[in-house]
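Hi everyone, thanks for coming. Let me put the structure up on the screen, and then we can walk through it together.

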Amino acid sequence: MKVKVISVLEDNYMYLVIEESTREAVAVDAAVPKRLLEIVRKEDVVLRAILTTHHHWDHARGHGPTVPSGMASGVVPLSPVEWPFGAIRVRCLFTPCHTSGHMCYFMWEDDSPDAPALFSGDTLFVGGCGQFFEGTAEQMHTNLTQILGTLPEDTKVFCGHECTVRNLKFALKVEPENEVVKEKLLWAKRRDDEDLPTVPSTLREEFLYNPFLRLTEEPVQRFTGRTEPVEVLRVLRSQRDNFKKPKERPNPQAVLAFDWGLFAPFLEKK
């Protein structure tokens, strides 16, 4: 299983997952179809399906007349559902909160030494988690602890946005003595300076520096003033929402023009 990381729009990631024995592929969050099809041609693969994590325009615009006819696309409505894709197995995980229909996709190959992959959309980020736009802290707690947090620790995490530096700056505020956070932040800043992606991380790493997966740790509870995990999560997310907000993104109408290749310099990050 080969995963191509493709950077698009302001800070989004879309992914092309290649089954290397058949040279067939599935895409995840195909926000810029023209760019996706360029990569498909470059890799010389056949695109068989598009998986979408949620309905937001910067993840879900890869459906319609710009994709090949006869190709499956859409959000799988039930969870957990498993289906084979050549040697790759795909498990669909229902993770409502960021949006009410949010899905994550867990992929692995049986009898392969390669680590499995999680495409977590806007539920789990490197060093953070998604905003609770259409759900509750209780739902996100279930997502992080009972659904995603129980996957194998060597699982590679491919998230929907490049926001690692901002997330880790907040993590350092939460746990200023956490040496793992400090080291990861320095690494992420170097990657950012070199215009390189910080994905994937692993679940094992996330448990060491992501405050949203460290709800029972004493420094995190002290920062929030809470001890009950859901309440710790609720306060963390509220604090993160108000922590050094990034510059306002361009409005969707302005960015729609990019979809058709009118903005050329979308660079594939390897």
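Let's start at Pro200, which sits in the loop between α5 (179-193) and β13. A cis peptide bond joins Val199 to Pro200, with omega about 0 degrees. A word on labels: helices (H or I, at least four residues) and strands (E, at least two) are DSSP runs, numbered from the N terminus.

Before going on, please remember that this is a predicted model: local features need pLDDT of at least 70, side-chain atom pairs count only at pLDDT 80 or more, and totals for chains, interfaces and linings use all residues. Residues are numbered from 1 along each chain as its sequence is written, and side-chain values use heavy atoms, with hydrogens and water left out.

Now the sheet. β13 belongs to an open sheet of 6 strands, in the order β6-β7-β8-β9-β12-β13, and the pairing is mixed. The edge strands, each pairing on one side only, are β6 (81-85) and β13 (201-202). Two strands pair here if DSSP finds at least two bridges between them. β6 runs antiparallel to β7 (residues 88-94), joined by 5 bridges, and Glu82 has Arg91 in β7 as its bridge partner.

Which strand is largely enclosed by the rest of the structure? That is β9 (residues 117-121), because 5 of its 5 residues are buried. Buried means under 20% relative accessible area, exposed over 50%, and partly exposed in between (1.4 Å probe, protein chains only). Ala117, Phe119 and Gly121 point one way from β9, while Leu118 and Ser120 point the other way.

What are the partners of β9? Strand β8 (residues 103-109) pairs with β9 in the antiparallel sense over 3 bridges, and Phe106 has Leu118 as its bridge partner. β12 (residues 156-159) runs parallel to β9, with 4 bridges, and there Leu118 stands opposite Val157.

Leu9, in the loop between β1 (2-8) and β2 (12-19), has a phi near 55 degrees, a positive value in a residue other than glycine. Leu9 is buried, at 16% relative accessible area. Asp29 also is not a glycine and has a positive phi of about 55 degrees. You'll find Asp29 in the loop between β3 (24-28) and α1 (33-43), buried with a relative accessible area of 3%.

Finally, helix α4 (residues 164-174) holds Lys169, which counts as partly exposed at 34% relative accessibility. Happy to take questions!
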